[in-house]
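Here is a short briefing on a structure with its sequence. Have a look at both, then read on.

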Amino acid sequence: MSVVEAAEHTAPPVVRGRSHKRNKRSTSVALAMLVPAAVLMVVFLIIPIFLTFGLAFTNARLISPVPARFVGLDNFVRLFENETFWRSLLNTVVFTIVIVPVQSGLALGLALLVNAKVRGTNFFRTVYFLPVVTSMVVVSMLWLFMYQPDGLINVLLAKVGITGPDWLGDPNTALFAIIVLSIWQAVGFHMVIWLSGLQTIPGELYEAASIDGASKWQQFAHVTWPGLRQTSIFILITITIAAFSLFTQVNIMTQGGPLDSTSTLVYMAVFTGFQQQQTGYAAAISLVFFALVLTVSLIQRYLTRDKEAIR
Amino acid sequence: MLKRTARLLATTFVAASLTLSVTACSKGGATSTQAASGGTQTLTLWTHNAGNKGELAAIQSVVDDYNASQTAYKVDLQAFPQDSYNQSVVAAAAAKKLPCILDIDQPNVANWAWAGYLAPIEGMDDILSKYLPSTVAKWNGKTYAYGYYDVSLTWVTRESILKKYGIRVPTIDQPWTGEEFASALAKVKASGDFTYPADLATGWTGEWWPYGYSPFLQSFGGDLINRTDFSSAEGVLNGDAAVKWGEWFQGLAKDGMISKKSSADPTADFINGKTAFLWNGSWTAVPVREKVKDVVFAPPVDFGDGPKVGGGSWTWGYSTGCASPEGALDYLKFAAQDKYVAKVAKDTNNIPTTDAAAAMVPGFEPGGENDVFRQYSKKFTVMRPETPGYPFLATAFTKGAQDILNGADVKKTLDQMVADIDDNQKANNFFQQ
């Protein structure tokens, strides 16, 4: 701030030159303000990413007196021959494909409900948002108890005459169980984002639509949904990235089992990197993960690009 | 310097980006250097006992006694939570800030000694010859750490159960055979009196799996790795004996003898009569005795190659980063006295390592109610393989055993475990120095 003021005081009285100089000044101010964030990004994000690129081609170990050696593509060859890797990749993709539409759809439904102008919406907003402020670790522990063969869920199912499976112990249901809990935990967050999008849509549009005789569905399809375009892109990309990095639930509830049915890429990277001390191998997994997320994000960016703006 | 920084950064990055124990790393940077003040040298001591009141207080009292006994050194105790302890030590080693004295989980000793974290203990052979062998951690012929106590494994059951189903009461000289045990489980199962006849505490994770279940494998005649030169698991982990073990282990779950994932508190389930036989550590004796009057702590089953239990618990050693090895050794010698062994073992309900200390701990004196555990430990202990590759062996075994329990093909899983283990041994040049 003081820099800007100082710039104005010392600025020469020539109008054109002044604005030119001021532009230059404000650029340097902007740069100065950027520095702290940029330094943090470079030190804790950019450099580590490049280090991972390097480590992935070595046999670096977490604990070893022997210095790391360049091993070329060995780690990747081993990785692509590893059945657990393909299973983890499949699980990660399945998880993402289910989570993205279901979670964003549910969140939109909830947002529309709590956006209704009736009494008590604040109460429901709070209730739906509560799981989000609860740590995922705590949520996982609670659901771990609920999913036990004689846990809450199976007791409730038994009341209506259904014998529930051993949710987390059965390879056929374990991933599904984790998907349900993940949606329950995160849906409130995206509800709030949808809600903020909904509230930017001017009320006059709805009034005009209802005067034109549009039904509720037509209002949603032609007023609400187009008005939420930017919000939906944001939600799509954030949910996708969050879904890809599934780890906490798996680490606490199943440790990747039974029979790799809940193993994910991030879980596998942590497991091999820390428990098995294979830093280089874990870096290779992280690199594959990085490439996957980058590719999917780029495709999404391309598909959701603003076609109007390009024209 | 650049290389070291890069490695440090890399380690930190993997930790941070993979969202694991960022806090542990920053903790690793805690001050651990030795500062001389007025002729007294400070020795930093790290323990995993934060949150474990009884043991922490016992260690603190040893440290206090030592500090009061002389003026040359002052030991400064710093306690860490067990969950992040190993990561803290690894991070400290990467930052060259290892504490002087530290406790180490016994199976990690070889790995850390190989990595150059630990310095060999010298001049204590006389004292340590009186210790249970399983509490003295050796690697490559050198002693790196010693522990105050060990734990043993046991089948917990009730006399009334044995009587009701006509099962022989086993003794240390005549434990159950594999067939006897199988028929006992079948009888109990047929009665329908219990949710599951047995409980192996399958709900626990981590080190419990190799500690608790590799003795079964060894009793069948298999092992985690060939111990002659620790270079390969071929033949011992996927041989006939190991396959028999795998089929037995898988069968327990398939036939409904055990739960594939038992609850977090199997001891409570046993006390409440949900299970008839509980496979557990000697630590469970105290809570069980409170509620179950006719409890029997039976020896491990002999599946052909003799009954086996795991061995080795937390041990003490000193680091290569210690500015005053003499001071560290002085402390380790002081702390190895029988009275401290007795104190720590008593406060943690574990098996004291020396005969003299056992006589001082109620229940562990010869013929005492806990003496059986000491006998099991003396007679049946098979150490977890003392190789720097152990942490990998442990994870490979855990994953394989879990898959087998969940119905994976036994022979195929064992072959995969062997391939992974051999790959790792080879990738590390068989841990030669």
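Which residue in β7(B) is the bridge partner of Trp139(B)? The partner is Lys142(B). The model is predicted, so local features need pLDDT of at least 70 and side-chain atom pairs count only at pLDDT 80 or more, while totals for chains, interfaces and linings use all residues. Residues are numbered from 1 along each chain as its sequence is written, and chains are lettered from A and ligands numbered from 1 in the order in which they are written.

**The hairpin in chain B**

- Strands β6 (residues 136-139) and β7 (residues 142-146) of chain B run antiparallel, joined by four bridges.
- Helices (H or I, at least four residues) and strands (E, at least two) are DSSP runs, numbered from the N terminus.
- Two strands pair if DSSP finds at least two bridges between them.
- β6(B) and β7(B) make a hairpin, with two residues between them.
- In the turn, Asn140(B) has a positive phi of about 55°.

**The open sheet in chain B**

- Four strands form an open sheet in the order β10-β11-β9-β12 (chain B), and the pairing is mixed.
- Its edge strands are β10 (196-199) and β12 (295-298) of chain B, and each pairs on one side only.
- From one strand to the next, the twist averages 20°. For such angles, axes are lines fitted to C-alpha atoms (for helices over the stretch in contact), and angles run from 0 to 180 degrees between N-to-C directions.
- Strands of a sheet pair through backbone hydrogen bonds, either parallel or antiparallel.
- β10(B) pairs with β11 (residues 275-281) of chain B in the parallel sense, over three bridges.
- The bridge partner of Tyr196(B) in β11(B) is Thr275(B).

**Positive phi in loops**

- Most residues other than glycine have a negative phi, and most peptide bonds are trans.
- Ala201(B) is not a glycine, yet its phi is positive, about 60°. Ala201(B) lies in the loop between β10 and α9 (208-220) of chain B.
- Is Ala201(B) buried or exposed? Ala201(B) counts as buried, with 24 C-beta neighbours inside 10 Å.
- A residue is buried if 20 or more other C-beta atoms lie within 10 Å of its own, exposed if 12 or fewer, and partly exposed in between; C-beta atoms are placed from the backbone.
- Asp260(A) is not a glycine either, and has a positive phi of about 65°. Asp260(A) sits in the loop between α12 (248-253) and α13 (265-275) of chain A.
- Asp260(A) is buried, with 24 other C-beta atoms within 10 Å.

**Helix α14 of chain B**

- α14(B) covers residues 338-348, and its buried residues include Val341(B), Ala342(B), Val344(B) and Ala345(B). Lys343(B), Lys346(B) and Thr348(B) are also buried.
- The cover over the buried residues of α14(B) includes α3 (53-69), β8 (149-150), β15 (351-352) and α15 (355-360) of chain B.
- Asn349(B) follows α14(B) and has a positive phi, near 60°.

**Domains of chain B**

- Chain B is assigned domain 1 (28-149 + 312-371) and domain 2 (153-310 + 389-431). Domain bounds come from an automatic or database domain assignment.
- The C-alpha centres of these domains of chain B lie 30 Å apart.
- Nine residues of domain 1 of chain B are in contact with eight residues of domain 2 of chain B. Two residues are in contact if their C-beta atoms, placed from the backbone, lie within 7 Å.
- On the domain 1 side, α5(B) gives the largest share, three residues.

**Chain A overall**

- Chain A has 15 helices and zero strands.
- Of its 311 residues, 32% count as buried.
- Chain A has a radius of gyration of 26 Å, whereas a compact globule of 311 residues would have one near 19 Å. The radius is taken over C-alpha atoms, and the globule rule is 2.2 Å times the number of residues to the power 0.38.
- The C-alpha trace of chain A spans about 80 × 70 × 35 Å along its principal axes.
- The domain assignment of chain A gives domain 1 (2-55) and domain 2 (77-310). The C-alpha centres of these two lie 37 Å apart.

**Where chain B touches chain A**

- The contact takes 26 residues from chain B and 28 residues from chain A.
- On the chain B side, α1(B) supplies the largest share, seven residues.
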